[in-house]
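Q: I have a structure open and would like to learn how to read it. Could we go through a few features together?

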Amino acid sequence: MENVPGSFGTSASFALRFGQTIFSAASLIFMCFDYDFYDFTTFCYLATVMAIVTPWSILLALTDTYSVLVKLLPQELRVLSIVFAGDFVLSFLSLGGACAVASATELLASADGKICIQYQVSAALALLCWFLLLASALFNFWSLPSLYY
């Protein structure tokens, strides 16, 4: 397997996973600052997605750390396929949640006159998490064909 920067088991992948963990946890924390977020489905959706992304990213960051320290890249096609599929699905779930919260926040701000800054920050952090998840998925997709030979 050729060493694709950012693919599963590399130090660049650890950096991406660390960023995903920080952004998803921060998005979840900012979303939960207000007790009224349970009243809106979009806010609950983003909180649920970020609650799934955070342990996923922590688990894969720990696996990347182990791979970097042992200097052994995972060469299983199934493992890399599962990581790619998980990153791909979670990236679009987080994109959907971030866009839904951003639009709902704008709608609430225009109707109510009160700007919900923590929801806007949570949506921005979820968008950054989406970018890192998509980058991880694309790097892993890029390294998949090298496992066939």
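Q: At what angle do helix H2 and helix H4 pack?
A: Helix H2 (residues 41-70) and helix H4 (residues 117-143) pack at about 40 degrees, and their axes are 11 Å apart. That makes H2 oblique to H4; angles under 35 degrees count as roughly parallel, over 145 as roughly antiparallel, 65 to 115 as roughly perpendicular and the rest as oblique. Axes are lines fitted to C-alpha atoms, for helices over the stretch in contact, with angles from 0 to 180 degrees between N-to-C directions. Helices (H or I, at least four residues) are DSSP runs, numbered from the N terminus.

Q: What kind of model is this?
A: This is a predicted model, where local features need pLDDT of at least 70 and side-chain atom pairs count only at pLDDT 80 or more, while totals for chains, interfaces and linings use all residues. Residues are numbered from 1 along each chain as its sequence is written, and side-chain values use heavy atoms, with hydrogens and water left out.

Q: Which residues of H2 and H4 meet?
A: From H2 come Phe43, Leu46, Met50 and Val53, and they meet Tyr119, Ser122, Ala126, Cys129 and Leu133 of H4. Contact here means heavy atoms within 4.5 Å. The residues of this contact divide into eight nonpolar, one polar and no charged.

Q: How do I read a pair of aromatic rings?
A: A pair of aromatic rings is described by the distance of the centres and the angle of the planes. Rings of Phe, Tyr and Trp (its six-membered ring) pair if their centres lie within 6.5 Å; planes under 30 degrees apart count as stacked, over 60 as edge-to-face and the rest as tilted. The structure holds eight aromatic pairs. One of them is stacked: Phe43 and Tyr119, at 4.2 Å centre to centre with 20 degrees between the planes. This pair links distant parts of the chain, since Phe43 in helix H2 and Tyr119 in helix H4 are 76 residues apart.

Q: What angle do H3 and H4 make?
A: Helix H3 (residues 77-112) packs with H4 at about 155 degrees, their axes 8 Å apart. That makes H3 roughly antiparallel to H4. The residues of their contact divide into 19 nonpolar, seven polar and two charged.

Technical notes:
Helices (H or I, at least four residues) and strands (E, at least two) are DSSP runs, numbered from the N terminus. Ala, Val, Leu, Ile, Met, Phe, Trp, Tyr, Cys and Pro count as nonpolar, Asp, Glu, Lys and Arg as charged, and the others, Gly among them, as polar.
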